[in-house]
Amino acid sequence: LDFTVDPKHDGRNVLSGTMDIMWRLQAGVERYIWSTKHAFDADPFGETYCVQPADGSQSAASCSPTTNLPWKKKQALAQTWITQAEEILWREKMDLGRVGAFMFLPWQNYQYAQTSEELWTSMYSGLIWNYVLGEELGAEGEEDLTNFLAQRSGMHPSQVVLTRRLSEEARTMVMEDRPAAALMLLKRANKVGLNLNLWAIQNAAWELAGGNPIWEELEENLGLVRTCMSAQ
């Protein structure tokens, strides 16, 4: 099943395009024209979907409101939407966090909390991602930023997604033979109180370790111990 969206659609009330259906073990492709019409601006389930053969035959044309979809189909749509929405928000947070690492100024002697603390806390994911990956090393307020992030690790609602993404990033670094980058990530994550999922990282390191001091230090931080047995 292959969908194509007409690039000339207005993006507001009507979407349209073509749909090719290929049946397993059967030759040929059946092409249909599909379109949707929004009944409500914000409610995707308020749409009506229409499909008709590309040859213009009306005998097989069909229209159906999304409200008629079974619950599991709606759930699949909702899952796709939330996954894409989270990815969009994630990229925005990373961009803002890159700037925020510089805007987080060192505290003055009289300060005991960050000014507008609740607003900075809302940027936790972006700030901690940039900090752990070391993208903004040497920012003026890094020491206070480190303490600020460490105090919020373990209780912030974004931590589950954040630790999953950082664990995946560390594994990718190991697979790409970048042990120094992976080691820095692990150390800085530990410094701000993040507990990464080490299992996949350990497996990758065990298979690919190069035997040099950097790899040995990485293995030590991962809790890996290699033993050598000599033949008797």
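## Aromatic cluster

Phe104 and Phe148 are both buried (under 20% relative accessible area, with a 1.4 Å probe and protein chains only). This is a predicted model, where local features need pLDDT of at least 70, side-chain atom pairs count only at pLDDT 80 or more, and totals for chains, interfaces and linings use all residues. Residues are numbered from 1 along each chain as its sequence is written, and side-chain values use heavy atoms, with hydrogens and water left out.

Ring pairs join Phe104, Trp120 and Phe148 into a cluster (ring centres within 6.5 Å; planes under 30 degrees apart are stacked, over 60 edge-to-face, the rest tilted). Phe104 and Phe148 make a tilted pair, at 5.3 Å centre to centre with 55 degrees between the planes. That pair links parts of the chain 44 residues apart, with Phe148 sitting in helix H4 (helices are DSSP runs of H or I, at least four residues, numbered from the N terminus).

## Ser153

So what about Ser153? Look for Ser153 in the loop between helix H4 (142-152) and helix H5 (159-175). At 13% relative accessibility, Ser153 counts as buried. A polar atom of the Ser153 side chain lies 2.7 Å from the backbone oxygen of Val192.

## Nonpolar core

The largest nonpolar core has 34 residues, and Val132, Leu149, Leu166 and Leu194 have the most contacts inside it (buried Ala, Val, Leu, Ile, Met, Phe, Trp, Tyr and Cys joined through side-chain atoms within 4.5 Å). Helix H3 gives the largest share, six residues.

Definitions and conventions
Helix = DSSP H or I, 4+ residues; strand = E, 2+ residues; numbered from the N terminus. Buried < 20%, exposed > 50% of the residue type's maximum accessible area, 1.4 Å probe, protein only. Polar contact = N/O pair within 3.5 Å; in protein donor to acceptor, adjacent residues only side chain to side chain. Phe/Tyr/Trp six-rings, centres within 6.5 Å; stacked < 30°, edge-to-face > 60°.
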